[in-house]
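Here are my notes on the model, as numbered points. Please read them with the structure open.

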Amino acid sequence: MGALDHLSNMFDCSSGHSKYKKRKQLQTVEIKVKIDCEGCERKVRRAVEGMKGVSSVNIERKQNKLTVVGYVEPHKVVARVIHRTGKKAELWPYVPYDTIEHPYAAGVYDKRAPAGYVRYSEDAQVSHLGRASSTEVRYTTAFSDENPTACVVM
């Protein structure tokens, strides 16, 4: 945000109502939608390219992933894909494998996920795996490579 924008917002005399709409932010929307063939790919691409504010559309058929970049709202893009194509679509539910502490925990690991990805979850049952008890920490640090007084047998 520039200095002029900041000053204009600070000295705004309107009572919260503005005749100008607030600008949408440029964002990347990733959607999971089943794409079997070139016809499906073309159908999905045409459904999204016609939307107002779309800058670019990228489809990865092997991952069943649609990436839309533009001044759009994610839920509107998903609704448009569902309405125009008749296919089941949802926001991309996967995150890279490296960002999750326990990628093979129940509720996170998904066999249908693309290679290198796991399902994103903020489930309380999964989050307890990240907190180790003091005895677990003692045993793991005793045999750690980073511990200079670790067991020499290892």
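1. Start with Arg45. Arg45 is partly exposed, at a relative accessible area of 24%. Keep in mind that this is a predicted model. Arg45 forms a salt bridge with Glu41, and the closest N and O atoms are 3.6 Å apart. Both residues lie in helix α2. They are four residues apart, about one turn of the helix.

2. Is Glu41 buried or exposed? Glu41 counts as buried because its relative accessibility is 18%, and the cut-off for buried is under 20%. Leaving out residues up to four places away in sequence, Glu41 touches Ile35, Ile59 and Arg61.

3. Arg61 is a further partner of Glu41. The two form a salt bridge, with the closest N and O atoms 3.2 Å apart. Arg61 lies in the loop between β2 and β3, whereas Glu41 is in helix α2, so the pair ties together parts that are 20 residues apart in sequence. Arg61 counts as partly exposed, at 32% relative accessibility. Which residues end up in one network? Salt bridges with shared partners join Glu41, Arg45 and Arg61.

4. The structure holds five salt bridges. One of them pairs Lys65 with Glu30, the closest N and O atoms being 3.3 Å apart. This pair links distant parts of the chain. Lys65 sits in strand β3 and Glu30 in strand β1, 35 residues apart. Lys65 is buried, with a relative accessible area of 6%. Glu30 is partly exposed, at 31%. As background, side chains of opposite charge can pair when their charged atoms come close.

5. Now the sheet. In what order do the four strands lie? The order is β2-β3-β1-β4, in an open sheet with antiparallel pairing. β2 and β4 are the edge strands, and each pairs on one side only. From one strand to the next, the twist averages 25°.

6. Bridge by bridge, β2 and β3 run antiparallel and are joined by six bridges. Asn58 stands opposite Thr67 in β3. β1 and β3 also pair in the antiparallel sense, over six bridges. There, Gln27 has Gly70 in β3 as its bridge partner. β1 and β4 (residues 89-91) run antiparallel and are joined by three bridges. Lys32 has Glu90 in β4 as its bridge partner.

7. Next, the core. The largest nonpolar core has 18 residues. Those with the most contacts inside it are Ile31, Val33, Val48, Val54, Leu66 and Val68. Which elements each supply at least two residues of this core? They are β1 (27-33), α2 (38-49), β2 (54-60), β3 (65-70) and α3 (74-85).

8. Ile31 is then in contact with Asn64, Lys65, Leu66, Val77, Val78, Ala89, Glu90, Leu91 and Trp92. Two of these names have come up above: Lys65 is the salt-bridge partner of Glu30, and Glu90 is the bridge partner of Lys32.

9. Finally, the whole chain. The protein has five helices and six strands. Along the sequence they follow the pattern α-β-α-β-β-α-β-β-β-α-α. What share of the 154 residues is buried? Buried residues make up 26%. Of the contacts with a separation of 6 or more, 53% are between residues 24 or more positions apart. The accessible surface comes to about 11,900 Å². Carbon and sulfur atoms account for 53% of that surface.

Methods: Residues numbered from 1 in each chain as written. Predicted model: local features only at pLDDT ≥ 70, side-chain atom pairs only at ≥ 80, totals over all residues. Heavy atoms only, no water. Core = buried A, V, L, I, M, F, W, Y, C linked by side-chain atoms within 4.5 Å. Buried < 20%, exposed > 50% of the residue type's maximum accessible area, 1.4 Å probe, protein only. Contact = heavy atoms within 4.5 Å. Pairing = 2+ DSSP bridges. Areas by Shrake-Rupley, 256 points an atom, 1.4 Å probe, with all protein chains shown as cover. Axes fitted to C-alpha atoms, helices over the stretch in contact; angles between N-to-C directions. Salt bridge = Lys/Arg side-chain N within 4 Å of Asp/Glu carboxyl O.
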